[in-house]
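This report describes a structure for a reader who has not seen it before.

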Amino acid sequence: MKALVYCGPEECALREMPRPALHAPTDAIVRITKTTICGTDLHILKGDVPTVTDGRILGHEGIGIVEEVGAGVSSFQGGDHVLISCITSCGKCAACKKGMYSHCEQGGWILGNTIDGTQAEFVRIPFADNSLHAVPTEADEEALVMLSDILPTGYECGVLNGAVKPGDTVAIIGAGPVGLAALLTAQFYAPDEIIMVDVDDNRLQVAQKLGATQIINNSDGQAVEKVMALTERRGVDVAMEAVGIPASFDVCQRIVAAGGHIANIGVHGQPVQLNLDTLWSHNITLNTRLVDTVTTPMLLKKVLSGKVAPRQLITHRFKLDDIMTAYDTFSHAMRERALKVLITND
Ligand SMILES: [Zn+2]
Ligand SMILES: [Zn+2]
C-alpha cells in the first residue's frame, strides 16, 4: 500500500509499505478514505518529537471504512464507516476510567507517533471499540475529519479548560486550525467578545467570518496593548494560547483579567517564563491538557446536526498520490493561505 513515511528530520516520502495486519484481538484495520496533515506532523518533520523514529507512517487524523476486525472487537464490523480518534484508548486502565484517554497506559497519542498512522491506504487501530466512532454512511466526511483532532482539541484544551461562560471576553492567540476550532466551539457558551490574535491577515479574515468580534494582527508586537485598550484595561476572562511559543504564552499572561483563566492549547518545545510576581495575587487559573477526545461523541452530534460547520477550515484538497505537494502547501501556510489540507483516497 502507499503511505507517507518519516525518514528522519526534514525528510519524508510517499512509499510502498506492507499492509497492516491485526496484532491483537482488539485491533481493527481501517481503509482510509480521508485524512489530513496536522501542525504536529510538521513538528515531527523538524525532528522535535523524538518518539517518532525513521520508517514511521505519519498521521493521526482520518475517516475510513472498517476492513477487518479482531475477535475481541464487538462494536464494529467490516464495512462500517468510522471516525478515527487521534487518541487511542483501552477504556479500562486507571487513566481511561477517569476519562483521561490521553494518558491511557497502553494508548494516548500513539498513532503516527509510536505506531504507524493514517496517512496511508490502511491503518491498524488498537482498542478499536474505544478508539473509533461510528458515523452515518451519508455524512459529510470532509467535515468529520476535523473531529479526529482539531475540534476536540480546541474545545477540550481551550474552551472547557478556559471555562468560557456567557458574557465572557475571550482572546485566542493563534488563528491556525486549532485556534479556529476553539473559536467555533467557544460560541456554544455565548461569550460577548472573542478577540483573535495572529500575524496572518488571511487567517484573521477567516476568524472574522467564523465569529470573532475583534481581530488583531500582532506583526507589530502590540497585541497586549491593543487587547487592554479594547477591554478598558481589565483584560480578558479567558486567554487561550494556540501557538506553542513563549511569546504567545506571554501575551496570555499579560492580558488575563483578575479571576480569569489561561488555557494552554499549543504544543511547546521550550520553557516559558511564568510571571508569578504579578500573577500571584491575580486569582487566575492556568490549565494545560493533552486532548482526551472524550467530547468527540458530543461534537459529532453537533457537526451532524449542522450546528458547527468545521468543513470551512478546509482550504486545499489533494489525492494521496500528491501528499508530498500537500505537505509543501501546508508547511507554507501563510504563502498558500492554507488552513486544513484534505487528503483523499476514495
Ligand atoms: Zn493533529
Ligand atoms: Zn486506557
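In the largest nonpolar core, which has 54 residues, Ile172, Leu180, Leu183, Met196 and Met240 touch the most other members. A nonpolar core here is a set of buried Ala, Val, Leu, Ile, Met, Phe, Trp, Tyr and Cys residues joined through side-chain atoms within 4.5 Å. Buried means under 20% relative accessible area, exposed over 50%, and partly exposed in between (1.4 Å probe, protein chains only). The most residues in this core, 6, come from helix α6 (residues 177–186). Helices (H or I, at least four residues) and strands (E, at least two) are DSSP runs, numbered from the N terminus. A second, separate core has 20 residues, among them Leu42, Leu45, Ala326 and Phe330.

The model is predicted: local features need pLDDT of at least 70, side-chain atom pairs count only at pLDDT 80 or more, and totals for chains, interfaces and linings use all residues. Residues are numbered from 1 along each chain as its sequence is written, chains are lettered from A and ligands numbered from 1 in the order in which they are written, and side-chain values use heavy atoms, with hydrogens and water left out.

Beyond its neighbours within four places in sequence, Ile172 is in contact (heavy atoms within 4.5 Å) with residues including Gly179, Leu183, Met196 and Met240.

The zinc ion (ligand 1) is coordinated at 1.8 to 2.7 Å by the residues below. Donors are N, O and S atoms within 2.8 Å of the metal (3.2 Å for Na, K and Ca); water is not among the atoms, so sites may look incomplete.

| Donor residue | Donor atom |
|---|---|
| Cys38 | SG |
| His60 | NE2 |
| Glu61 | OE |
| Asp149 | OD |

The site of the zinc ion (ligand 1) is tetrahedral, with angles of 94 to 129° among its 4 donor atoms; four donors count as tetrahedral if all angles lie between 85 and 135 degrees. Cys38 lies in the loop between β3 (28–36) and α1 (39–45), and Glu61 in the loop between α1 and β4 (62–69), so the pair ties together parts that are 23 residues apart in sequence. Cys38 and Glu61 are both buried.

In helix α5 (residues 150–160), 10 of the 11 residues are buried. Their cover includes α6, β11 (236–241), β12 (256–264), α11 (296–304) and β15 (340–344).

Strand β1 (residues 2–6) has 4 of its 5 residues buried, so it is largely enclosed by the rest of the structure. It pairs with strand β2 (residues 12–16) in the antiparallel sense over 5 bridges; two strands pair if DSSP finds at least two bridges between them. The bridge partner of Leu4 is Leu14 in β2.

Notes:
Four donors count as tetrahedral if all angles lie between 85 and 135 degrees; four count as square planar and six as octahedral if opposite donors are over 155 degrees apart and all others between 65 and 115; anything else is irregular.
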